[in-house]
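Keep the picture beside you as you read.

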Amino acid sequence: GRPGIVHRLDRWTSGLIIVAKSNAAHVRLSRSFQNRKVRKTYFAAVHGGLASESGEIDLAIGRHPTKRTRMVAPRRGGREAHTSYRVRDHAPGFSLLDVSIRTGRTHQIRVHLAAIGHPVLGDTVYGEKLDRTFERKHGPLARYFLHAATLAFPHPETAELMEFRSDLPGELVELWTRLQRR
């Protein structure tokens, strides 16, 4: 380990990340991630209304066999991944979710929500068709409607639980308000 970013956010996602200021902190924080001691929640707006107000998605995630930049929920193989969600708000044709993940696989939230038929708004990789329709009506969304809202983890030296929050960015609040008024 070396000082620096301990985990990643997808390129078009906003919100909280952990940066370690020393080697020792980096090693301990990375271990906290591996041992699932880090709790992360996200805000995500998705296409469609969900059948239930909350749910769990337990689908393994692996690399796409030919498109190496994409991940898939394969029938066999892949690495276990757990996502849970709760519907926070509704707009015509869309839902705003609180999402929490117990594992941090590449593109996990985006792959899981697309796999249950509710891709993240603005995700042209996993929700292509729905997003083309959206863009015709509303213009392009230059990012995902996905925001890392809370992070909780044991302090690397004292093990005291540290909790951080980040509000939904103004541009996403504004977009959600517009969608609700439709």
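The secondary structure of this protein comes to four helices and 11 strands; both are DSSP runs numbered from the N terminus, with helices (H or I) having at least four residues and strands (E) at least two. The radius of gyration is 17 Å, close to the 16 Å that the globule rule gives for 182 residues, so the protein is as compact as a globular protein of that length. Here the radius is taken over C-alpha atoms, and the globule rule is 2.2 Å times the number of residues to the power 0.38. What you see is a predicted model, in which local features need pLDDT of at least 70 and side-chain atom pairs count only at pLDDT 80 or more, while totals for chains, interfaces and linings use all residues. Residues are numbered from 1 along each chain as its sequence is written, and side-chain values use heavy atoms, leaving out hydrogens and water.

Next, look inside. Of the 182 residues, 46% are buried. Buried means under 20% relative accessible area, exposed means over 50%, and partly exposed lies in between (1.4 Å probe, protein chains only).

Now for the charges. The structure holds eight salt bridges, each a side-chain nitrogen of Lys or Arg within 4 Å of a carboxyl oxygen of Asp or Glu. Find Arg110 in helix H2 (residues 108-115). Arg110 pairs with Asp10, their closest N and O atoms being 2.9 Å apart. Asp10 sits in the loop between strand E1 (4-5) and strand E2 (14-15), so this pair links parts of the chain 100 residues apart. Arg110 is buried, at 2% relative accessible area, whereas Asp10 is partly exposed at 22%.

Arg110 also meets Asp123 in a salt bridge (2.8 Å, N to O). Asp123 lies in the loop between H2 and H3, so the pair ties together parts that are 13 residues apart in sequence. Together, Asp10, Arg110 and Asp123 are linked in a network of salt bridges.

Another salt bridge joins Glu163 and Arg39, with the closest N and O atoms 3.9 Å apart. Glu163 is in strand E11 (residues 161-165) and Arg39 in strand E4 (residues 39-47), 124 residues apart. With 55% relative accessibility, Glu163 counts as exposed.

Finally, turn to helix H3 (residues 128-138), where you will find Arg136. Arg136 is exposed, with a relative accessible area of 68%.
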